[in-house]
Structures are given as structure tokens and as C-alpha cells.
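Colleague: Could you take me through a few residues of this model? I would like to begin with contacts.

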Amino acid sequence: MTVTNAAPAIRRTARQPQHNRWAILLVLCLSLLLITVDATVLHIAVPALTAALEPSAVQLLWIIDVYSLVVAPLLIMFGALGDRYGRKRLVLAGFVLFGVASAAAAFSPTPLALILSRALLGVGGAMIMPATLSLIRQVFTDRRERAIALGVWSAVAAAGAAVGPLVGGVLVGIWWGAVFLVNVPILLVLLPAAVRLLPDSRGRAGHSWDGLSAVLSVLGILALAFGLKEAGSGSLMPPGAALAVFAGGVLLLVWFVRRQTRLATPLLEVGLFRSRGFTTGVAGVLLGVFALVGLQLMLAQYLQLVLGDSPLRAAVRMLPLVLSAVAGGLAAAHILPRLGLRGTMSGGLGLVALSLTPTLGWGVEGHPVMLAVCFVGIGFGVQVALLAASDTIMAACPESQAGGAAAIEETAYELGAGLGVAVLGTITTIVYAPALGAVPGVPEGGMDQARQSLAGAAHVASEMGGSTGDALLSAARWAFVNALHTTVVVSVVLLSLTAVAVAVLLRRD
């Protein structure tokens, strides 16, 4: 009886990818959207978060950044675990953990509690994300359909990061915790759909994973980020100690890479980086997301705390970034055959650099039309470059190593998001604090809090009120604009150098 009932079940599993593949793609893309939105959803919520929990500058950066920095090093490990024990069960467990962590984050009473909840969200996201690409490759056996599905995946990955501030702007007007709590009902719908639709993948017992490698990668990346943040703020340790932590992170990652070259089944296929095209494509993904996510955080604060927009108005003003990113994803498939990988990727990165340049001449006054034009250029250029980079990565590796290449690409997405906030946020802190001089009538304790961040200065100014509060907020706005100009210069230089490197290193196609 058992054998008789099992046969139809096996046949249904085999047919399922063929009949339900577009429904499966929808479930996978909605799952991916949740993960990528969470990387940037707090950008608009910074002022509300600061007023509610009063975090320090470093705590605020960790609240925003710890999610991506936990996701990035865990992606490869969970990708290997999914191959070993089955992807579907890992996705379902990730849904449950993501939902629990979302509820915990929404009701966090302290900055530390929110940081820990966000880290747990990162673990859940890392359990889900690798399977989104792997299952697409399993379900879509036709190459043309698979190319369409991968194009949709790429557009969702980039658009999710772009739409995060818009979602945050709408929800923070209700309550800052709503930016997390909204995940719970969505997951309650996704979970039964995933149970019904996602195909089972048999675990491969021979596909082992190395626990020490996972620990080295996680600790190495977190040490890099912690060292960067502390070197800029010095809130928990002196700069010398922070640089030592940073150097320790570098050594851990060097150990990690050397270990991968010696393992029979490494977590990270470092041999893929011997291909010039592959390395260039990964660098393009890393720098593209670095610029998009890092600058989104700075520009969201610029709109609210410098120009005085409400969270909802700031989110609406960032809408051109979202729409242009979607348009870039749709247009890239037509641009690629005409310009080739090299022209599309370097052109997209160059467009982002060009679109950022006008912001260097801005102060505390509004530029509504020009701001929208810049957002359009940034969103379109980033998405075009990312799709070309993804195509470059996949074209540069053999079919047998496509899974490892996909894991590295996903890691570059999340690592770019984490490092974008860490590096550009640290640069902003380093430049902003010294630029904010003493304001008459503001006590030293108030000035110390104001120098932590622009959101902190706005909080102090609202408490003081009157002409003194206005003077503090005005001085803080100019200090932040000065810091924003510095971060834009760094971004433009990095993007321009990457665009030139792509044009030189990629073969003409």
C-alpha cells in the first residue's frame, strides 16, 4: 500500500517544476523581495528610531548594517547545507526564523535588543536566499525560460534594495516597529504556498561543508565592519585597537581563503576568481550594490533631516530610484546584445557616477527636479550594470560550477550592501563630527550627542527648542552636507575606477 501511494507522489514531484514553475518563481521572488527590502527598509526610519531608542552613532550603524553583514558570510554555508540536506526544508525553516525575528525586532526595547534581532533576521535571510537561485535552476530546465527567470530574479534583487526606503517611509508613519512587523503576515501567506509549491531536492550526503570555514568567514567580515565603525567613532575602543580588530579580520579572511584552496569540497570556490571575467563581474556587483545601498542611507537622511521632508514625502521623492531600477532591469536585456557585456556594465557604472556628480554642488536648499533626475540615473545605471555583471559571472564559469558562482554572486550582493553602509557611514561620521563646532547655548553633553549623528542633533535641537535649537540644527545640517559631499566623492571615484577597469579587463564581445 505504501509503495502504491508513493509512486504518484514521485511522479507529481517530477512534473511539478514543469507545470507550476511560474508560480514557484513568484514564491521565490517574493521571498527574495522580503530579504532585500529588509537590507534598506530602515533608511527612512532613522529619525524615528533615534527618537524612540536613542542609539549612539555606532549602535545606529549596527542596527542598519548587522543584517547584511550577517547574511553575506552565511550565504555560502547555507547554500552548501541546502545542497546537503535539501533546499526546501531550509527555506521553510528560514521563513519561521525570519518571522520570529521580525516580531522580536518590532518590539525591541533597547538598541542592543534591536541589533540582536536584526542579526537573527540575517540568519533567517541567509537560510532562504541561496535556495532562490538554486531552485530556479532546478525548476527551469529550458535555457530561454531560465534566462527570463534569472532576469526577473536579478530585477527583484536590485529593486528590493531600492524599494526598501519607500516601504519604510510608508510604515514608519504608523509606528517604527511596523517596518518589521509587516513581514509576519506576508510570511504567513508564503509559508503554506512554499510547502505546497516548492519542489523537494534530495540532499547530497557527499556534499560536505566545513564548520571552521564558516566561522572564519563570519568572524572575519564582522571584524572588518566593527574595526571600520570603531576607527571612525572610537565609542567603544581607541582607534589603535579598532585598527587591530580590522587587521585581525583581514587575517581571518586570508586564513579562510587559504583553507578553501586545500579543501576537497570548499565552501567558496576560490578557483573561479582565476577567471578575469568572473572576478570583474563580482567586483561590478559588489561596487554597484555598495554605491546603491550606502548612498541610499545618506540621501534618505538628507531628504528628511536636511530638507525637512516627512518620512512619507522622502519615500515618495525616492520613488524615481525604484521605478528606474525596474526599468533598468527590463531594458538591460535589450541593451546587452547591442553594447555587449563590457559596454553595458562599464556604461551603467559610469552613468551612476555621472548622476551623483551634481549633488556635490548642493547645500541645504532643495533641488526637486534635479534630485529626481539624479535618482533616475542612479537606479537605471545600477540595475543595468548589475544584470550585465550577473551575465558576466555566469558566462565565465563552467556549468558544473554554476552553483558555486551563484553563491559568490549572492554574497557579493549582501556584502556590497553591508560594506556600503559600513564604509560610507564611517566616512560620514569621521567628517561630520569635527565639522560641527560648538553652538552657543548648547551644553557640552548636548553637543556630544549632536556630533554622534545628524539624527542625534535633530533630537537634541527639538528638545532645546527656540533659537538655540534652530542654530544647532542649522549647523548640523551644514556639517552633514559637507560629510555627504565627501561620501559622494569617494563613491564617484570608486565607480569611475571600476567602470574603467571593466572596459579594460573584459574582452570585447
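Modeller: Leaving out residues up to four places away in sequence, K229 touches V58, L61, W62, D65, A422 and T426, where contact means heavy atoms within 4.5 Å. This is a predicted model, in which local features need pLDDT of at least 70 and side-chain atom pairs count only at pLDDT 80 or more, while totals for chains, interfaces and linings use all residues. Residues are numbered from 1 along each chain as its sequence is written, and side-chain values use heavy atoms, with hydrogens and water left out.

Colleague: Is K229 buried or exposed?

Modeller: K229 is buried, because its relative accessible area is 2%; buried means under 20%, exposed over 50% and partly exposed in between, with a 1.4 Å probe and protein chains only. K229 is placed in helix α10. Helices are DSSP runs of H or I with at least four residues, numbered from the N terminus.

Colleague: Which nonpolar patch does helix α10 contribute to?

Modeller: The patch on the surface consists of L212, V215, L219 and W255, with about 360 Å² of accessible area together. Helix α10 (residues 211–233) gives the most to this patch, with 3 residues. Patch members have over 30% relative accessible area and no salt bridge, and nonpolar side chains (Val, Leu, Ile, Met, Phe, Trp, Tyr) are joined within 5 Å, like charges within 9 Å. The areas come from the Shrake-Rupley method with a 1.4 Å probe, and for residues only the protein chains shown count as cover. A salt bridge is a side-chain nitrogen of Lys or Arg within 4 Å of a carboxyl oxygen of Asp or Glu.

Colleague: Why does V215 count as partly exposed?

Modeller: V215 lies in helix α10, and V215 counts as partly exposed because its relative accessibility is 43%.

Colleague: Changing topic, what does S31 contact?

Modeller: Apart from neighbours within four places in sequence, S31 is in contact with F95, I128 and L190. S31 sits in helix α2 (residues 21–40) and counts as buried, at 2% relative accessibility.

Colleague: And the backbone: what is the phi of E54?

Modeller: The phi of E54 is near 50°, a positive value in a residue other than glycine. E54 is in the loop between α3 (46–53) and α4 (57–85), and is partly exposed at 48% relative accessible area.

Colleague: Which residue follows α18?

Modeller: G465 follows α18, and its phi is positive, near 65°. The buried residues of helix α18 (residues 454–464) include L454, H459 and V460.

Conventions:
Helix = DSSP H or I, 4+ residues; strand = E, 2+ residues; numbered from the N terminus.
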